[in-house]
Amino acid sequence: MKLATRFIHAGAHPDPSTGAIMTPIYQTSTYVQEAPGVNKGFEYARSQNPTRFALEEAVAEIENGKFGLVFGSGVAATDSVMKLLQPGDEVIAANDMYGGTYRLFTKVYEKFGIRFHYVNMQDAENIRPYINEKTQLIWTETPTNPLMNITDIAAVAAISKEHNLVLCVDNTFASPYLQNPLDLGADIVMHSATKYLGGHSDVIQGCLVMNDQDLRDQLYFIQKSCGAVPGPMDCFLVLRGIKTLHVRMERHCENGERIAHWLRNHPKVGKVYWPGFSDHPNHHIAKAQMRGFGGMISFELKNDSVEEARRVLSSTKLFSLAESLGGVESLINHPASMTHASIPREERIKNGLSDSLIRLSVGIEDADDLIEDLNQAIG
Ligand SMILES: *Cc1c(COP(=O)(O)O)cnc(C)c1O
């Protein structure tokens with residue numbers, strides 16, 4: 001089945017009680033049992049909810065995985081993966097990743113005795129020196145936020161398999177329409193469904209997809225034991241979002257491409273970060289593992305000052321100044337003071353995230369209007 005058809009039909013079955021074509025929002029906490037222990041497979045909604053189950057089936061299907069699990073947020077999904085670990089275990093994580101993931105690792109899990117090594121994964125071989133008998137998990141993200149670095153998922157997966165580790169890939173930026181890490185050898189795919197899956201900036205949610213039954217059972221146990229489940233209304237919204245993911249992503253990619261090239265030719269714009277440029281350091285890998293390059297773009301201004309960046313950020317009219325990404329409307333963001341403020345400045349600068357870097361989440365409006373807006377803001 002072709003992708004467009006799969007995205008529309010993923011997880012969709014007529015509701016058994018009425019035939020409703022859309023899975024209803026089962027807004028209930030519990031289910032009436034016929035006799036003690038005799039029920040329809042539904043006992044209590046932290047463990048089972050039909051709307052959530054439909055979404056879990058849908059996310060698994062669109063990531064080419066066997067099992068999906070959804071959580072109350074992207075970080076709750078990440079948190080559940082971390083709970084697979086024990087004190088003393090070690091994790092190798094990408095050095096350029098979502099600030100909230102870094103915060104969870106350093107501020108929450110270090111104190112439980114988990115050790116993290118942050119590695120530049122643009123060359124997968126950089127991982128090897130950090131592997132030892134305590135290593136359990138590799139955590140990576142590609143394209144990275146906000147510098148659009150590309151990690152070769154298949155190369156990292158090969159190293160991970162050699163040492164029997166679990167590889168988890170945060171696939172939020174690419175979305176399942178552009179990239180499928182399980183097909184490239186990853187063990188778990190994580191998404192902040194808040195972003196492209198939901199697609200309309202109206203929900204906070206996360207998900208995990210995997211093929212291994214044992215891993216699924218462990219993560220399901222964590223999901224119900226720790227309880228970070230999303231409500232049925234939120235599941236409904238993401239189910240609806242997924243139905244248009246393919247058409248939205250196509251437009252995000254088209255608009256992203258036009259704006260990336262336009263920015264690059266602007267006299268006041270310095271470096272532009274977008275994996276679709278043929279001179280992007282890992283463009284060949286992006287081209288091989290992605291179906292398109294997406295609508296996330298970062299750039300610096302030639303006048304590399306925080307003041308100038310602030311002026312541009314406050315001058316756009318269509319691009320709204322806000323955290324988050326992946327919605328139909330365009331957003332503009334200042335990573336150093338917003339999404340990545342939880343990473344210490346020295347650490348940010350060391351990883352190439354300058355104070356004047358501006359990140360765009362290019363929406364699906366008309367590209368001419370978006371360019372006109374950026375043009376008047378950059379001046
Ligand atoms: C937003 C985001 C997260 C966290 O997801 P929430 O839904 O905000 O909890 C994780 N990774 C990436 C790449 C993100 O953009």
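View 1. The model shown here and in the following views is predicted. Phe 221 counts as exposed because its relative accessibility is 52%, and exposed means over 50%. This residue belongs to helix 7, which spans residues 213–226. Ser 354 lies 133 residues away from Phe 221 along the chain, and the C-alpha atoms of the two are separated by 41 Å.

View 2. Asn 171 is placed in the loop between strand 5 and helix 6 (175–178). With 0% relative accessibility, Asn 171 counts as buried. When neighbours within four places in sequence are left aside, the residues in contact with Asn 171 are Glu 63, Thr 142, Pro 176, Gln 179, Pro 181, Val 189, Met 190 and His 191.

**View 3. Strand 4 and the strands paired with it.** Strand 4 comprises residues 135–141 and is mostly covered, with six of its seven residues buried. Strand 2 (residues 90–94) runs parallel to strand 4 and is joined to it by four bridges. Within this pairing, Leu 137 of strand 4 is the bridge partner of Val 91. Strand 5 (residues 166–170) also runs parallel to strand 4, and five bridges join the two. Here Trp 139 stands opposite Cys 168 of strand 5. From strand 4 the chain passes through helix 5 (residues 153–162) to strand 5, a β-α-β crossover that is right-handed.

View 4. Helix 4, residues 99–109, is mostly covered, since eight of its 11 residues are buried. The buried residues are Gly 99, Gly 100, Thr 101, Tyr 102, Leu 104, Phe 105, Thr 106 and Tyr 109. Their cover includes helix 3 (74–82), strand 2, strand 3 (115–119), strand 4 and helix 12 (345–350). Two of the buried residues named above, Tyr 102 and Phe 105, belong to one aromatic cluster together with Phe 116, Tyr 118 and Trp 139.

**View 5. The buried side of helix 11.** In helix 11, which covers residues 306–313, the buried residues include Glu 308, Ala 309, Val 312 and Leu 313. These residues lie on the same side of helix 11 because they cover an arc of only 140° around the axis. An α-helix has 3.6 residues a turn, so residues three or four places apart point the same way.

**View 6. An edge-to-face pair of aromatic rings.** The count of aromatic pairs in the model comes to 10. For Trp 274 and Phe 277, the ring centres are 5.3 Å apart and the planes stand at 80°, so this pair is edge-to-face; planes over 60 degrees apart count as such. Both Trp 274 and Phe 277 are buried.

**View 7. Charged side chains over tyrosine rings.** Lys 195 lies over the face of Tyr 98, at 5.2 Å from the ring centre. In a second example, Arg 216 is placed over the face of Tyr 220, at 4.6 Å from the centre of that ring.

How values were computed:
Residues are numbered from 1 along each chain as its sequence is written. This is a predicted model: local features need pLDDT of at least 70, side-chain atom pairs count only at pLDDT 80 or more; totals for chains, interfaces and linings use all residues. Side-chain values use heavy atoms; hydrogens and water are left out. Buried means under 20% relative accessible area, exposed over 50%, partly exposed in between (1.4 Å probe, protein chains only). Two strands pair if DSSP finds at least two bridges between them. A crossover is right-handed if, with the strands pointing away from the viewer, the path from the first strand over the helix to the second runs clockwise. The arc is that of the directions from the helix axis to the C-beta atoms. Rings of Phe, Tyr and Trp (its six-membered ring) pair if their centres lie within 6.5 Å; planes under 30 degrees apart count as stacked, over 60 as edge-to-face and the rest as tilted. A charge sits over a ring if NZ of Lys or CZ of Arg is within 6 Å of the ring centre and within 35 degrees of the ring normal. Contact means heavy atoms within 4.5 Å.
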